[in-house]
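Trainee: Could you take me through one part of this structure closely? I would like to see how its pieces sit against each other.

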Amino acid sequence: MSSGPHAPHRPTEAELDDMTPDQLATLAAELDDVVILRNLSKFPIPGTRAEKRAERAVATWFLLSGLSAAAFVAAYLFWPSQYRAPSEPGYQIYALYTPVIGATFGLSVLLLGVGLISYVKRFLPDEVSVQQRHDGPSDELSRRTVMAQLAKAGKDTTIARRGLIKRSIGIAAGVFGLGFGVIALGGLIRDPWKGGAKAVLWVTAWGSDDGEKVYLRRDTGASGEEIIKNGIRGIRVRPEDMNTGSMETVFPFRMSDLQHSERLDAVLKMSDVPVMLIRLRPGEPVIQRAGRENFHYGDFYAYSKVCTHLGCPTSLYEAQTNRILCPCHQSQFLATEYAKPVFGPATRALPQLPITVDSEGYFVARSDFNEAVGPGFWERKS
Amino acid sequence: MTTTTTRRRAGTKLRRRVASAFALGIALLSAGALYTVFIPQPQIALAQDDTQLVAQGQRVFDNHCITCHGANLQGATDRGPSLIGVGSAAVYFQVSTGRMPLARQEAEANAKQQLAELDPHTPEGEKNLEALMAFVQSNGAGPTLPAERGEALRGSDPARGGQLYRLNCASCHNFTGRGGALSSGKSAPNLDPATEEQIYAAMLTGPENMPRFSDRQLSPEEKKNIIAYIESVTNGRNDPGGDPLGGIGPVSEGLIGWLVGIGSLVAFTVWLGARA
């Protein structure tokens, strides 16, 4: 379709048959309006010592890359990757595992690249070519004919006259797209208000619908299966477990959870259940919030660990000042004054969990929080 | 016939007496030997030594502590708290880290060079510190250090220690022990310089604003696992890349990754292009 100013001579069939591959290649360039100004082979005389040397140099890069790749595979398979404490023998070797596999892998890729570039620089001919630049739109003839061609092709399908087919294609594509959208987005759509007053935003796992006792448990790092196997000794919190001026993060626990190890693990990952059980030092003057005078047990106070500002864990409890600090935006809550905010961006007090001790001496939650946990949302009244 | 029998019987009787006397002697001797082997060690320190140690401790106390903590350890208003019942572990932590004696009243007491007479790295300082601990312990007992020292305090399960550390300690001390800010100019210290005994004593006694972790909240085994974890990430033991980059996680690591990593790749590419 060349119609530029330097339209080359078009060879006939017979002329093409007579041409050498080199001439054909030059012709291909000319047809694309490319003029090769210079094309010098790096090694015009084959088999010189210089050429052999260059060949060996390139091969060395590739061989080094291969060696490095082999070292990577060997290190990946055989280098000791089992954890060792810094005091144990063999720690230095273990600590080198990641750097060694990273370095050998990286070196292998790098040397491969160096080899390729070195090959191109040493062996590809030194060439300068110029391609003509075509300005402006295509000529009138090409534009009109192409447009007419496309219009005719469209008309030949007769789709413009076939309304039924058009609509059915639309329905098929639309329903398919809808189905695809449902698959892609359906999992993301949840109704946070399902369940009315028991909707997920209002309640936490501290509440008990069937009246089963909800204990305060600690996380010892043991998995649910380990707890079921080894028994729950030391899992449920008792008042005598904690010194004065101490804080412990506690989670809800029901005896029926022992039938389901996954529930024991899941409760540690729920975002709204962590509670700070704080034992104040004796004699601290405490101000209770109206209506929550009996939420505490002696010096023990249980506050939600979820900041009322943006939901970070507010677990920096200061035993002397009785302040609870949120590390994200420096909100401070006063543990001796119903965890009301005294500094920073938080505006609401941390929700307080009503606790008591059962007849066996274990802490239990008397009920769920009496307000929603965490940051505010539109439907919250306070 | 009879005479021989009688004589033999008399001989047997004599022999029997001698034998039983021997047996009794051996039994008595072995009972005595067993007693000396299995006699329990007295569980209390000998009064003589203790009194001397406590008296020496009182001298140290009178020299360095009495101004703020009072002659009877009752504390002084606006100067220092009562030390009755704080225990020898608290004394060990405060004095061996150089926090006490206090240089001046401010937001918090920071670790500093220990006083020469109380420096646990010198034999004299160690003796004085021990005496001071005994003196405070004798005035209302409190938490004491465990019998183990040094590396024996590192537990065998640093992975579980790490879990407990992240739940109980990381909020203030950062997940690799870098420390962090608290309210009103206070801060949680970096754990690099802390020894095993100091970490243990801190968990047990809750110095300043740190909460206390009783042995029922974190068992001695769990405390040792936490120490094992701390020792595995502090003092440059957690920087396989050569530098911890502040040990604060993805913020600095991402920044360095982009600036240095991507930057050097771009520079390398530009260099290659310029050479071609």
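Mentor: Let's start inside chain B. The C-alpha centres of its domain 1 and domain 2 lie 22 Å apart. This is a predicted model, so keep that in mind throughout. Domain 1 of chain B covers residues 46–144, and domain 2 covers residues 147–237. Where they touch, domain 1 of chain B gives 14 residues and domain 2 of chain B gives 14 residues. Look at the side of domain 1 of chain B that touches domain 2 of chain B. It has 9 nonpolar residues, 4 polar ones and 1 charged one.

Now turn to where chain B meets chain A. Chain B brings 27 residues to this contact, and chain A brings 31. Which helices of chain B each supply at least two residues of the side that touches chain A? They are α6 (158–168), α7 (170–173) and α9 (220–233) of chain B. The largest share comes from α6(B), with 5 residues. By class, the side of chain B that touches chain A holds 11 nonpolar, 8 polar and 8 charged residues.

Next, the partner. Chain A has 9 helices and 12 strands. Its radius of gyration is 39 Å, while the globule rule gives 21 Å for 382 residues, so chain A is more spread out than a compact globule. Along the principal axes, the C-alpha atoms of chain A fill a box of roughly 110 × 75 × 45 Å. Buried residues make up 21% of the 382 residues in chain A. Now take the contacts in chain A between residues at least 6 apart in sequence. Of these, 61% join residues at least 24 apart.

Finish with a sheet in chain A. Strands of a sheet pair through backbone hydrogen bonds, either parallel or antiparallel. Here is one open sheet of 4 strands, in the order β7-β8-β9-β10 of chain A, with antiparallel pairing. At its edges are β7 (316–318) and β10 (340–343) of chain A, each pairing on one side only. From one strand to the next, the twist averages 35 degrees. Look at one pair within the sheet. Strand β8 (residues 323–325) of chain A pairs with strand β9 (residues 332–334) of chain A over 3 bridges, in the antiparallel sense. Which residue in β9(A) is the bridge partner of A:Arg323? That partner is A:Leu334.

Conventions: Residues are numbered from 1 along each chain as its sequence is written. Chains are lettered from A and ligands numbered from 1 in the order in which they are written. This is a predicted model: local features need pLDDT of at least 70, side-chain atom pairs count only at pLDDT 80 or more; totals for chains, interfaces and linings use all residues. Two strands pair if DSSP finds at least two bridges between them. Axes are lines fitted to C-alpha atoms, for helices over the stretch in contact, and angles run from 0 to 180 degrees between N-to-C directions. Domain bounds come from an automatic or database domain assignment. Two residues are in contact if their C-beta atoms, placed from the backbone, lie within 7 Å. Ala, Val, Leu, Ile, Met, Phe, Trp, Tyr, Cys and Pro count as nonpolar, Asp, Glu, Lys and Arg as charged, and the others, Gly among them, as polar. The radius of gyration is taken over C-alpha atoms; the globule rule is 2.2 Å times the number of residues to the power 0.38. A residue is buried if 20 or more other C-beta atoms lie within 10 Å of its own, exposed if 12 or fewer, and partly exposed in between; C-beta atoms are placed from the backbone.
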